[in-house]
Amino acid sequence: MSGKSSMIVTALTAAALAAVGFLAYQASASAPDHTTAGKHPSASASPSPGKGRDGADQQKTEVPVPPNSGEGERVVYSLGAKRVWLVTADGKIKRTFEVTPSAVSPAPGTYKVTGRSLKIPGSDGVPIEHVVRFAVVDNVVIGFSSAVDGSMPTPNAKKKTGGIRETREDGTALWDFALRETKIVVVS
């Protein structure tokens with residue numbers, strides 16, 4: 001192969017790699033809004049065993065949502081209780097569950113979902129999925145996620161991480177519920 005042909009092949013290879021990288025980024029940035037094809041998370045589901053009339057998991061809704069945590073459809077995160085509630089537009093609890101807090105916590109207040117990633121490496125090196133980001137504190141991104149291996153690590157105060165960990169089952173539920181711009185209310 002001549003020098004000129006070699007340069008053309010190299011240039012075409014570089015262009016192809018750049019295109020593949022761009023498409024991979026674009027695919028991750030446009031991950032589906034939910035994992036259940038054809039269903040919107042706030043659509044009413046027909047009850048099934050273990051579910052209430054509104055389709056909510058009965059065993060997952062026993063803890064009342066904190067007072068003064070807003071109105072309408074929202075995700076409520078209590079720092080003190082280390083718990084999350086998924087609240088429907090009519091104020092009913094769709095699901096509630098415990099979480100492992102991050103080393104860096106957001107201040108109490110109202111936020112919105114700013115980004116989502118289906119699967120990425122966590123800041124602690126553990127592969128995570130169903131990442132729902134909503135705040136930045138001291139240059140640390142704060143969001144909910146679940147570890148692919150199911151682990152629930154103890155937060156390391158020496159390492160500034162913003163991942164609020166939940167079980168894989170709870171992570172899927174939050175991912176399906178908290179689409180972009182969904183309100184996140186953080187309470188003490």
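A residue counts as buried when its relative accessible area is under 20%, and E129, with a relative accessible area of 5%, is therefore buried. This briefing concerns a predicted model, in which four salt bridges are found. Side chains of opposite charge can pair when their charged atoms come close.

**E129 and R168**
- The buried residue E129 forms a salt bridge with R168, and the closest N and O atoms of this pair are 2.5 Å apart.
- Because E129 belongs to strand β6 (residues 127-137) and R168 to helix α2, their pairing ties together parts that are 39 residues apart in sequence.
- R168 has a relative accessibility of 38% and counts as partly exposed.

- E169 counts as exposed at 51% relative accessibility, whereas R95 counts as buried at 6%.
- Through salt bridges that share partners, R95, E169 and D170 are joined into one network.

**E98 and R83**
- E98 forms a salt bridge with R83, in which the closest N and O atoms lie 3.7 Å apart.
- This pair links distant parts of the chain, with E98 in strand β3 (residues 93-98) and R83 in strand β2 (residues 83-87), 15 residues apart.
- E98 is exposed, having a relative accessible area of 54%, whereas R83 counts as buried at 14% relative accessibility.

Key:
Residues numbered from 1 in each chain as written. Predicted model: local features only at pLDDT ≥ 70, side-chain atom pairs only at ≥ 80, totals over all residues. Heavy atoms only, no water. Salt bridge = Lys/Arg side-chain N within 4 Å of Asp/Glu carboxyl O. Helix = DSSP H or I, 4+ residues; strand = E, 2+ residues; numbered from the N terminus. Buried < 20%, exposed > 50% of the residue type's maximum accessible area, 1.4 Å probe, protein only.
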